Amino acid sequence: TSLLLHMDTGSFVDSSANNVALLSNTNVSQGTANKKFGTSSAYFGTTSSALKYQNSSLFTLSPFIIDT
């Protein structure tokens, strides 16, 4: 696993062994209204909402999976 985000810890923290640093813009937050498990979930308020990471060789254009 290259990046593991639980989205229920109060901040956006990578729980994988890689500990990737993430930055969020002002339109990304955590809320409890639409959570499926745990204490909260990520909320992307607009189409420009984003979580960004620093350039890393961990991420390439190879196939990937997003679990929801």
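Strands here are DSSP runs of E with at least two residues, and helices are runs of H or I with at least four residues, both numbered from the N terminus. With that in hand, Ala17 sits in the segment before β1 (22-24). The model is a predicted one, so to speak of local features takes pLDDT of at least 70 and side-chain atom pairs count only at pLDDT 80 or more, while totals for chains, interfaces and linings use all residues. Residues are numbered from 1 along each chain as its sequence is written, and side-chain values use heavy atoms, with hydrogens and water left out.

**Overall fold**
- You get four strands and zero helices in this chain, in the order β-β-β-β along the sequence.
- Of the contacts (heavy atoms within 4.5 Å) with a separation of 6 or more, 35% are between residues 24 or more positions apart.

**Surface**
- The chain's accessible surface (Shrake-Rupley method, 1.4 Å probe; for residues, only the protein chains shown count as cover) is about 5500 Å².
- Carbon and sulfur atoms own 54% of that surface.
- Of the 68 residues in the chain, 15% are buried; buried means under 20% relative accessible area, exposed over 50%, and partly exposed in between (1.4 Å probe, protein chains only).

**Two residues to look at**
- Ser41 belongs to strand β3 (residues 41-44), and it counts as buried because its relative accessible area is 18%.
- Beyond its neighbours within four places in sequence, Ser41 touches Met7, Ser29, Gln30, Gly31, Asn34 and Lys35.
- Ala17 is exposed, because its relative accessibility is 85%.
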